[in-house]
Amino acid sequence: MTEPTMQKDKEDERHDKGDERSESTARRRLSRRSILRMSALGVTAGVVGFGGGRLTAAGAELPDWTAADIPPQNGRRVIVTGANGYPRDGRSGLGYHQALALAVAGADVTIASRNKERGDEAVRRIQAAAPGASVRFETLDLADLSSISAFATRMQAAGDRLDLLINSAGVMGRATREVSIDGFERVFATNTLGPFVLSARLRPLLQNGSSPRIVWMSSSRGHAGGINFDDLQKETGYDYARAYDDSKLGDLLLAMECERRSKASGWRLTSIAAHPGVARTSIVLDGPGLDSSEGFRWRYIPMLWQDPAQGALPLLYAATSPQATGGGYYGPKGLGTTRGLPGVAILPENARDPRLAATYWETLERLGDVSFR
Ligand SMILES: NC(=O)c1ccc[n+]([C@@H]2O[C@H](COP(=O)([O-])OP(=O)(O)OC[C@H]3O[C@@H](n4cnc5c(N)ncnc54)[C@H](OP(=O)(O)O)[C@@H]3O)[C@@H](O)[C@H]2O)c1
């Protein structure tokens, strides 16, 4: 172990003493350190960090499932966030492929993200691929609470129900810490707080939906995440990878807690999580960039990055399959869950902790000034 690492570990240990919230931090840091040490390639924590056997075995119980197995979606009103990443420069966004597949299956699709020009082009391409498809773009910035509120108001004005919300949009952190317009750390704001607030604001519409579902986009890197309530905004010792991993654990906590609360309160809302494995999208280039370790792998190990259309399948399974279960978690079943057709993914231990999830949920309700009630 190098000197700075030892010192950091000691700092972590000191920090970890104390209340029960810090216990979760300790678990996270231990697991993250162990994972990173084990991670020879370190494509994502999921590739080599968790023991290929355990994760490869996950999902074996699902029969092969592709976009051709999506049941007819006619009449279903759907929102997919982050769906404007149409194919360009050898990569495309996962949300785009989800929106395309759902439109092909007959759903009425709203794609929601920041860049309108790319959104309009995504709509044009989907309509060209699926003539007659009902698809439109709406501007939404998940890192801006007022934008979420305005989007939800427009959605309410446009119709009285919503059947499916796919919280797909997300970012990786950049080398230095950035904050949202509301003062939240940018990765937390975009990946976790934003989708949570959006889901809360759209819940009245989902309540009127037919078999309504929310699907939350996580990552195999959620296994390396942890929740430090003392520094949710990463004000001390910002690390882009930690910001991302924590946000993706956060998504899993929210997905599981949403399912629990829905059952307990009779919301009739099914909440499911999924991850795409490792896919050739813009997330690294728009995030930590080519000089990061992820950028190195992007440049020099291109075969690690699967086709985003395939990466979109676990979310599509979670969103449409009658066999997908509330509180379930789905991801690719091949090569240490980094690629392939959908299977059942293993939930990180922290994501199974209902007390942690409840505290996280209530914290986000406070920060986002929303309530699911
Ligand atoms: N690619 C992978 O290997 C991988 C692995 C695990 C998990 N994931 C997850 O998959 C999801 C999709 O990522 P991707 O890989 O498809 O990346 P991507 O190609 O970079 O797409 C990200 C999408 O999110 C949108 N977005 C970013 N910031 C936003 C904001 N503030 N408000 C609304 N929309 C925003 C972007 O559109 P605008 O810029 O126009 O807003 C874009 O459409 C993310 O949640 C990511 O964490 C990806």
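Analyst: Two residues are in contact if their C-beta atoms, placed from the backbone, lie within 7 Å. Keep that in mind. This model is predicted.

User: What share of the contacts in the protein chain with a separation of 6 or more comes from residues 24 or more positions apart?

Analyst: The share is 74%. The protein chain itself has 13 helices and eight strands. Of its 373 residues, 53% are buried.

User: What makes S211 count as exposed?

Analyst: Count its C-beta neighbours. S211 has 11 inside 10 Å, so S211 counts as exposed. S211 sits in the loop between α8 and β5.

User: Why is L335 called partly exposed?

Analyst: Buried needs 20 or more neighbours, and exposed needs 12 or fewer. L335 has 18 inside 10 Å, and therefore counts as partly exposed. Its place is the loop between β7 (329-334) and β8.

User: In what sense do β1 and strand β2 (residues 108-113) pair?

Analyst: They pair in the parallel sense, over five bridges. The cut-off for pairing is at least two bridges, so five is enough. In β2, A112 stands opposite T81.

User: Which strands stand at the edges, and why does one side of each lack a neighbour in the sheet?

Analyst: First, the order. Eight strands form an open sheet, β3-β2-β1-β4-β5-β6-β7-β8, with mixed pairing. β3 (134-139) and β8 (339-344) are at the edges; each has a single partner strand, so one side is left without a neighbour. From one strand to the next, the twist averages 20 degrees.

User: How many bridges link strand β4 (residues 164-167) and strand β5 (residues 213-217)?

Analyst: Four bridges link them, in the parallel sense. R213 in β5 is the bridge partner of L164. Helix α8 packs on the sheet and touches both β4 and β5. The directions of α8 and β4 make about 175 degrees.

User: What makes α8 roughly parallel to α9?

Analyst: Two packed helices are described by the angle between their axes and the distance between the axes. For α8 and helix α9 (residues 240-265), the angle is about 10 degrees and the axes are 8 Å apart. Angles under 35 degrees count as roughly parallel. Therefore α8 is roughly parallel to α9.

User: Which residues in α8 meet α9?

Analyst: From α8 come V187, F188, N191, T192, P195 and F196. Their partners in α9 include A243, Y244 and L254. By class, this contact has seven nonpolar, four polar and two charged residues.

User: Which residues come nearest to the ligand?

Analyst: Of the 31 residues around the ligand, the nearest are G82, R114, N115, G170 and T281. Two elements give two or more residues to this shell: α5 (94-104) and α8 (186-207). The shell has 11 nonpolar, 16 polar and four charged residues.

Notes:
Residues numbered from 1 in each chain as written. Predicted model: local features only at pLDDT ≥ 70, side-chain atom pairs only at ≥ 80, totals over all residues. Near = placed C-beta within 6 Å. Nonpolar A, V, L, I, M, F, W, Y, C, P; charged D, E, K, R; others polar. Axes fitted to C-alpha atoms, helices over the stretch in contact; angles between N-to-C directions. Parallel < 35°, antiparallel > 145°, perpendicular 65-115°, else oblique.
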